[in-house]
Amino acid sequence: MDAADWDRKYDGAELRWGAPPNEVVVEFCTSLPRGRALDLACGEGRNALWLATRGWEVDAVDFSTAALSKAVKVAATATASIRSRVRWVHADVTTLTPERNYDLVVIAYLHLSRIERENVLATAVRALKHEGILVIVGHHSDNVKNGVGGPQDIEILYSPSDLVDDLHNGVRILVAEERHRPVGDSTAIDTVLMGQVTDE
């Protein structure tokens, strides 16, 4: 989908994904020393704002104007110190060229073609300092048949091994696994990965 499609999805007063941060992001990032973070495809900013509350300086990127507008409105309810730690960036993550200036990159539920995904992951790795952390969570490729919700196009979904293959060298894989997430009376299947950049 293009930015206009996502603008339509984010249209309306309600937060599409809710205000609390993603559970995997919380699990993997709570114990990390704070620094600079890049949130790719940040949507309405729930993960970026949570990181900011923990002292991170965050660049939150999305190509949906509607999503970023809602993120700014949510951020307006936070303290000035939290708001000052988030920079909202209107940009396409598939063409982004960030500097190597981040201690953490978060990618939550970004689903692209295989080639686009490889390019975004390469961008994420290039953005990370030595020993920087990459956190990814998304819908597993098995979710279409055995889970609930999420995109129904299996071509844009991925398994843990897909992500490991995409990352190639220079990233030490700390976690790469399938997770089952309750959704009402059903269960969604996610892929999660945590890696650390090992080369300068």
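Q: By class, which residues make up the lining of the largest cavity?

A: In general, a cavity is a set of points on a 1 Å grid over the protein atoms alone where a 1.4 Å probe fits but cannot get out, and lining residues have an atom within 4 Å of a point. Ala, Val, Leu, Ile, Met, Phe, Trp, Tyr, Cys and Pro count as nonpolar, Asp, Glu, Lys and Arg as charged, and the others, Gly among them, as polar. In this structure, the lining of the largest cavity has 8 nonpolar, no polar and 1 charged residues. Among the lining residues are Ile107, Arg117 and Tyr158. This is a predicted model: local features need pLDDT of at least 70, side-chain atom pairs count only at pLDDT 80 or more, and totals for chains, interfaces and linings use all residues. Residues are numbered from 1 along each chain as its sequence is written, and side-chain values use heavy atoms, with hydrogens and water left out.

Q: What volume does the largest cavity have?

A: A volume is the space filled by probe spheres set on the grid points, which are joined across faces, edges and corners. Here, the largest cavity has a volume of about 60 Å³.

Q: How many disulfides does the count come to?

A: A disulfide is a pair of cysteine sulfur atoms within 2.5 Å. The count here comes to 0 disulfides. Cysteine 29 is in no disulfide.

Q: Is cysteine 42 buried or exposed?

A: Buried means under 20% relative accessible area, exposed over 50%, and partly exposed in between (1.4 Å probe, protein chains only). Cysteine 42 is buried, because its relative accessible area is 8%. Cysteine 29 is also buried, with a value of 1%.

Notes
On a 1 Å grid over the protein atoms alone, a cavity is a set of points where a 1.4 Å probe fits but cannot get out, and a pocket is an open set with protein on both sides within 12 Å along at least five of seven lines; lining residues have an atom within 4 Å of a point.
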